[in-house]
Amino acid sequence: MAFMVKSVVGGQLKNLTGGLGGEEKGESEKTPAEAHGMTREEYEEYQKQLVEEKMERDAQFAQRKAERATLRSHFRDKYRLPKNETDDNQIQVVGGDVELPKELAKMIEQDNEEEEERDSVIGQLTNIQNLDLDSLKGKAQATLDDLKQSAEKCIVM
């Protein structure tokens with residue numbers, strides 16, 4: 001607040017006196033704190049806050065990069081692709097234990113469920129079009145009965 005008053009009133013006062021009045025430091029002689037219109041303590045606190053905010057942003061960015069690397073690693077494992085050293089390094093930078101965001105974990109879980117369903121025998125049978133399970137069951141039973149009859153007729157057994 002004092003800075004605002006000084007800048008408003010000081011500029012007008014300087015114009016009125018013609019700049020002859022006092023001995024003020026030139027722009028090149030001001031400390032960084034004075035250049036920003038703060039005391040030294042305020043300026044140091046401001047710089048500390050800037051550094052902390054930058055560290056927080058960097059940590060969040062590294063976390064997001066590690067989450068993406070985890071997702072890529074998951075898909076590499078799933079599709080049996082070669083591993084990537086860069087992804088492993090990004091995961092290790094964050095600490096090695098990275099949890100995926102809930103939305104991504106949910107998508108992966110649904111994808112795995114669909115894949116398991118497709119890989120099962122029933123899933124394969126449902127993919128075959130125009131399949132009559134009753135006729136297939138009847139044919140299998142008839143073949144089994146024929147085998148039993150031929151086994152009864154067999155002299156060796």
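**Stop 1: the whole chain**

Start with everything shown. This is a predicted model. The protein chain has seven helices and zero strands. Read along the sequence, the pattern is α-α-α-α-α-α-α. Of its 157 residues, 10% count as buried. Now think about contacts between residues at least 6 apart in sequence: 48% of them join residues at least 24 apart.

**Stop 2: helix H3**

Select residues 40–78, which make up H3. This helix has 39 residues. From its first C-alpha to its last, H3 reaches 57 Å, close to the 57 Å expected at 1.5 Å a residue.

Which residues of H3 are buried? Colour Tyr43, Ala66, Glu67, Ala69, Thr70, Leu71, Ser73, Arg76 and Lys78. Next, show what covers these buried residues: the cover includes helix H2 (32–35), helix H4 (85–94) and H5. As you turn the view, keep one rule in mind. An α-helix has 3.6 residues a turn, so residues three or four places apart point the same way.

**Stop 3: threonine 70**

Zoom in on threonine 70, in helix H3. Is threonine 70 buried or exposed? Its relative accessibility is 18%, and the cut-off for buried is under 20%, so threonine 70 counts as buried. Set aside the neighbours within four places in sequence. Threonine 70 is then in contact with Ile91, Val98 and Leu100.

**Stop 4: serine 73**

Move along H3 to serine 73. This residue is buried too, with a relative accessible area of 17%. Which residues does serine 73 contact, leaving aside neighbours within four places in sequence? Select Asp87, Asp88 and Ile91.

Serine 73 and asparagine 84 are 11 residues apart along the chain. Their C-alpha atoms are separated by 7.8 Å.

**Stop 5: where H3 meets H5**

Show H5, residues 102–119, beside H3. The two helices pack at an angle of about 10°, with their axes 12 Å apart. Angles under 35 degrees count as roughly parallel, so H3 is roughly parallel to H5.

Now show the side chains at the contact. On the H3 side, pick Leu71, His74, Phe75 and Lys78. On the H5 side, pick Leu104, Ile108, Asp111, Asn112 and Glu115. Colour them by class: the contact has four nonpolar, two polar and three charged residues.

**Stop 6: an aromatic pair**

Stay with phenylalanine 75. At a relative accessible area of 31%, this residue is partly exposed. How many aromatic pairs does the whole structure hold? A search finds one. The pair is phenylalanine 75 with tyrosine 79, and it is stacked. Check the rings: 6.4 Å centre to centre, with 15° between the planes. Those two numbers are how such pairs are described: the distance of the centres and the angle of the planes.

**Stop 7: arginine 80**

Arginine 80 follows H3 and lies in the loop between H3 and H4. Look at its backbone. Most residues other than glycine have a negative phi. Arginine 80 is not a glycine, yet its phi is positive, at about 55°. Is arginine 80 buried or exposed? Its relative accessibility is 75%, so arginine 80 counts as exposed.

Definitions and conventions: Residues numbered from 1 in each chain as written. Predicted model: local features only at pLDDT ≥ 70, side-chain atom pairs only at ≥ 80, totals over all residues. Heavy atoms only, no water. Axes fitted to C-alpha atoms, helices over the stretch in contact; angles between N-to-C directions. Helix = DSSP H or I, 4+ residues; strand = E, 2+ residues; numbered from the N terminus. Parallel < 35°, antiparallel > 145°, perpendicular 65-115°, else oblique. Contact = heavy atoms within 4.5 Å. Nonpolar A, V, L, I, M, F, W, Y, C, P; charged D, E, K, R; others polar. Buried < 20%, exposed > 50% of the residue type's maximum accessible area, 1.4 Å probe, protein only. Expected span 1.5 Å × (residues − 1). Phe/Tyr/Trp six-rings, centres within 6.5 Å; stacked < 30°, edge-to-face > 60°.
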